[in-house]
Amino acid sequence: MRKRSVTVRVARWSALHPGRAVVGWLVFVVLCLGGGIAAGMNSATAEDFRVGEAGRAEALATEGGIPLRSTEHVLIRDASGSIGKPGPLDRAAADAAVEDITARMKSLPEVAAVKAPVASADGRVLRVPVELTGTEQDDQERVPPLQEQTAEAAKAHPGLVIEETGDASVSKGVDDQRDEDLKFSEAITLPITLITLAVVFGSVVMVGVPLLLAVTSIMATMGLAMVASHLLPDTGVGMSMILLIGMAVGVDYTLFYLKREREERARAGGRLTSEALVEAAAATAGRAIVVSGLAVIVSTTALYLARDVIFDSLATGTILVVAVAMVSSVTVLPALLVKLGRRAERRTAKRVARGKPVRTYGEKKPGRAWNLLLAPARKRPALTLGLSVLVLLGLALPALDMNLKNPARDSFSRDIPAMRGYDRLLEAFPEQRVRHVVVVRGEASRAGDVREALGALERRAQSDPLFARAGGGSSTDGAGNGSSGGPLLRSSEDRRTTTLELNVPHPTYSKKAEDSLDHLRATYLPATVGKLPGVETAVTGEVPRGVDYVEHQNDKLPLVLGFLLLMTFVMTVFAFRSVVLGLLGVVLNLLSVGSALGVLVLVFQGDWAEELLSFVSLGGISSRVPLFLFVILFGLSMDYQVFVVSRIREAALDGVPTRKAVIDGITSSAKVVTSAAIVMVTVFASFVMLHILEMKQMGLVLAVAVLLDAFVIRVMILPAALLLLGRAAWWPSRAIRRAEARVAEARTAEERMAEARPVPLPARPEGRRIAQGR
């Protein structure tokens with residue numbers, strides 16, 4: 001007797017003890033969520049985000065006791081006139097407001113220093129710089145008290161417009177907007193998911209099962225993610241990914257299991273119990289779910305090779321939610337199906353007892369639309385394969401011109417109040433757009449030489465049109481701090497570390513901003529401070545961080561992609577025992593991902609879709625998006641690959657000829673693949689309507705990739721390729737050949753038996769007449 005797999009044994013236990021399985025699952029969810037709340041979330045710190053030279057500069061400044069801090073800007077202008085052109089400023093009223101704001105801010109423990117006010121070039125706007133305590137990464141937690149005091153000051157001076165903006169207030173606004181966006185996405189996703197499931201199953205009860213499992217899986221994962229954050233710090237994006245992937249995969253896995261259970265029920269025709277039906281479904285769909293889940297998990301681990309805290313957070317959230325959804329599908333789902341099955345059996349028995357007709361369940365065959373879609377691959381596989389591949393390659397071509405950019409303040413939504421204030425800040429003080437910070441460390445005895453060299457560096461920058469002109473020069477007071485109007489020069493107490501700030505009046509993602517950094521690092525630093533022996537230098541800031549991050553990713557990209565391709569191949573070979581299918585899976589995934597990334601470049605790298613999708617183009621793609629999507633899409637593509645090819649292989653193992661097995665496998669999985677694709681596309685597409693640019697880009701490329709995978713890869717390319725490969729598709733596995741040989745032997749035996757039977761002689765006419773009574 002063949003030993004049952006772990007999946008079948010677990011499903012059998014769950015089917016025989018449904019009450020215990022359901023209660024056990026609920027206890028598991030509560031324990032995970034309770035444990036997570038008790039442990040709390042461990043958020044990433046500034047040190048976790050440091051990459052490249054920019055990260056080294058920040059470490060030098062922090063070690064020297066002069067960490068880089070966020071500066072909030074309180075803007076004061078006259079209430080008359082328009083926003084773009086404020087009226088003349090009443091200096092007496094403005095001075096009173098400055099005094100009030102300074103007193104309010106200095107009283108807050110979150111404030112490190114309040115600088116002297118700075119007037120705009122036309123004198124119509126005053127700016128009060130307020131430096132926060134802590135680091136740039138956690139200042140958004142300190143900014144609410146400052147915003148409250150700014151609002152109170154605005155009320156106290158009704159003749160003036162007083163508003164606050166800065167890195168911290170913008171970051172807080174972005175986080176608040178992300179939370180609102182997620183609520184909006186959930187409000188759209190749930191109704192459409194419900195409608196899709198209702199159309200698929202035609203039963204309100206059956207609609208609730210996938211949704212219930214998806215929601216409870218997400219809840220359990222959130223608790224586990226909090227616990228995991230104490231090993232790998234959370235960056236704030238992990239929870240978003242749990243919601244995004246959890247709903248899609250949770251419903252996806254449940255759909256495939258439910259579909260197979262219904263097929264087994266229709267095939268049994270009432271002869272098998274619900275427990276037996278669930279066990280039969282576990283042997284096929286259950287195994288496919290486990291293989292698919294493991295494929296997603298293994299491929300997602302490639303993100304850890306990027307050595308980036310954000311990718312670590314994304315990978316952890318994705319792996320946990322896929323694992324929990326996979327476990328729920330093979331444990332508690334069989335129990336729920338048994339309970340629903342027993343209920344249906346009792347209802348049927350009552351109808352039979354009352355003499356009423358009983359409607360038996362039968363699987364509907366795919367309609368005319370699916371037959372039309374499959375017709376090209378069935379009738380002309382070579383032509384279909386060639387044209388489909390050419391179309392996807394054409395879509396993928398724009399990806400070759402992908403320009404990676406690090407999104408910064410300039411690309412954030414103007415629905416955030418702090419961003420509208422940011423625009424007014426730049427209009428009045430354009431030099432505040434970008435800040436490069438030069439950090440120098442050396443012996444205390446070289447402090448004078450360092451300051452002199454930094455002065456020379458500043459003068460070179462001032463003569464460069466890429467840098468902003470400093471209004472107040474670089475003169476310093478007795479404490480060694482620069483004037484508020486010009487570049488800021490700071491020295492540590494031990495005089496070993498010195499920083500210099502230089503401003504650039506160009507957008508953070510512009511080429512001019514990057515060129516200014518290149519001039520600073522490659523020319524001005526080596527020609528000035530870099531000549532001093534025994535001195536260590538580095539440059540940081542928003543632009544340096546972005547440039548260094550993209551360079552870091554490009555360095556890790558070959559390793560990540562190589563691991564990803566290898567694991568995809570290994571998992572496919574493991575699932576189907578076929579090297580050919582392993583290679584085919586890698587090629588198909590590359591086509592799917594490449595074409596989706598090509599669409600991403602077409603939509604977001606230019607500006608033609610800005611108004612349509614409400615975004616500000618970076619002239620490139622957010623640097624984190626392609627690598628993350630490459631990994632996630634490879635994993636999700638395995639879903640359809642595993643489920644569709646599993647059906648084909650099952651038929652082939654039963655001795656069905658490869659051609660018929662391919663057509664039957666694709667056809668039988670058509671409805672559930674379509675339904676799962678609709679659910680996934682709905683979830684992903686909802687993110688296109690969010691405000692955060694990275695989420696828009698992720699949502700679009702995921703939705704496009706799933707559509708292409710479900711309706712081009714699995715309907716056109718995969719069946720055409722398998723039909724052309726024939727039996728060679730299963731190489732080197734001999735299981736299919738043995739199955740075909742068994743069927744051939746059985747047919748031969750039947751033919752021999754038929755030949756051995758005596759052939760009855762034809763009856764005589766007289767006999768026929770007698771038999772007919774003639």
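Biologist: Is phenylalanine 256 buried or exposed?

Modeller: Buried means under 20% relative accessible area, exposed over 50%, partly exposed in between (1.4 Å probe, protein chains only). Phenylalanine 256 has a relative accessible area of 7%, so it is buried. Phenylalanine 643 counts as buried at 6%. Keep in mind that this is a predicted model: local features need pLDDT of at least 70, side-chain atom pairs count only at pLDDT 80 or more, and totals for chains, interfaces and linings use all residues. Residues are numbered from 1 along each chain as its sequence is written, and side-chain values use heavy atoms, without hydrogens and water.

Biologist: How many aromatic pairs does a search of the whole structure find?

Modeller: A pair of aromatic rings is described by the distance of the centres and the angle of the planes. Rings of Phe, Tyr and Trp (its six-membered ring) pair if their centres lie within 6.5 Å; planes under 30 degrees apart count as stacked, over 60 as edge-to-face, the rest as tilted. The search finds five pairs. In one of them, the rings of phenylalanine 256 and phenylalanine 643 have centres 3.5 Å apart and planes at 15°, so they are stacked. This pair links distant parts of the chain, 387 residues apart: phenylalanine 256 sits in helix 8 and phenylalanine 643 in helix 20. Helices (H or I, at least four residues) and strands (E, at least two) are DSSP runs, numbered from the N terminus.

Biologist: How are the rings of phenylalanine 630 and phenylalanine 634 arranged?

Modeller: That pair is stacked, because the centres are 5.3 Å apart and the planes at 15°. The two residues are four apart in helix 20, so about one helical turn separates them. Phenylalanine 630 is buried at 15%, and phenylalanine 634 at 0%.

Biologist: At what angle do helix 17 and helix 20 pack?

Modeller: Axes are lines fitted to C-alpha atoms, for helices over the stretch in contact, and angles run from 0 to 180 degrees between N-to-C directions. Helix 17 (residues 542-576) and helix 20 (residues 625-653) pack at about 10°, with axes 11 Å apart. Helix 17 is therefore roughly parallel to helix 20; the classes are under 35 degrees for roughly parallel, over 145 for roughly antiparallel, 65 to 115 for roughly perpendicular, and oblique for the rest. In contact (heavy atoms within 4.5 Å) are, among others, Leu557, Leu561 and Leu564 of helix 17 and Phe630, Phe634 and Met638 of helix 20. The residues of this contact divide into 14 nonpolar, five polar and one charged. Ala, Val, Leu, Ile, Met, Phe, Trp, Tyr, Cys and Pro count as nonpolar, Asp, Glu, Lys and Arg as charged, and the others, Gly among them, as polar.

Biologist: How do the axes of helix 3 and helix 17 cross?

Modeller: They cross at roughly 135° and come within 6 Å. Helix 3 and helix 17 are therefore oblique to each other. Gly52, Glu53, Ala54 and Glu58 in helix 3 meet Pro544, Arg545 and Asp548 in helix 17. That contact has two nonpolar residues, one polar and four charged.

Biologist: What is the phi of arginine 307?

Modeller: Most residues other than glycine have a negative phi, and most peptide bonds are trans. Arginine 307 has a positive phi of about 55°. It lies in the loop between helix 9 and helix 10 and counts as exposed at 62%.

Biologist: Which residues does a cis peptide bond join?

Modeller: Tryptophan 731 and proline 732, with omega about 5°. Proline 732 is in the loop between helix 23 and helix 24.
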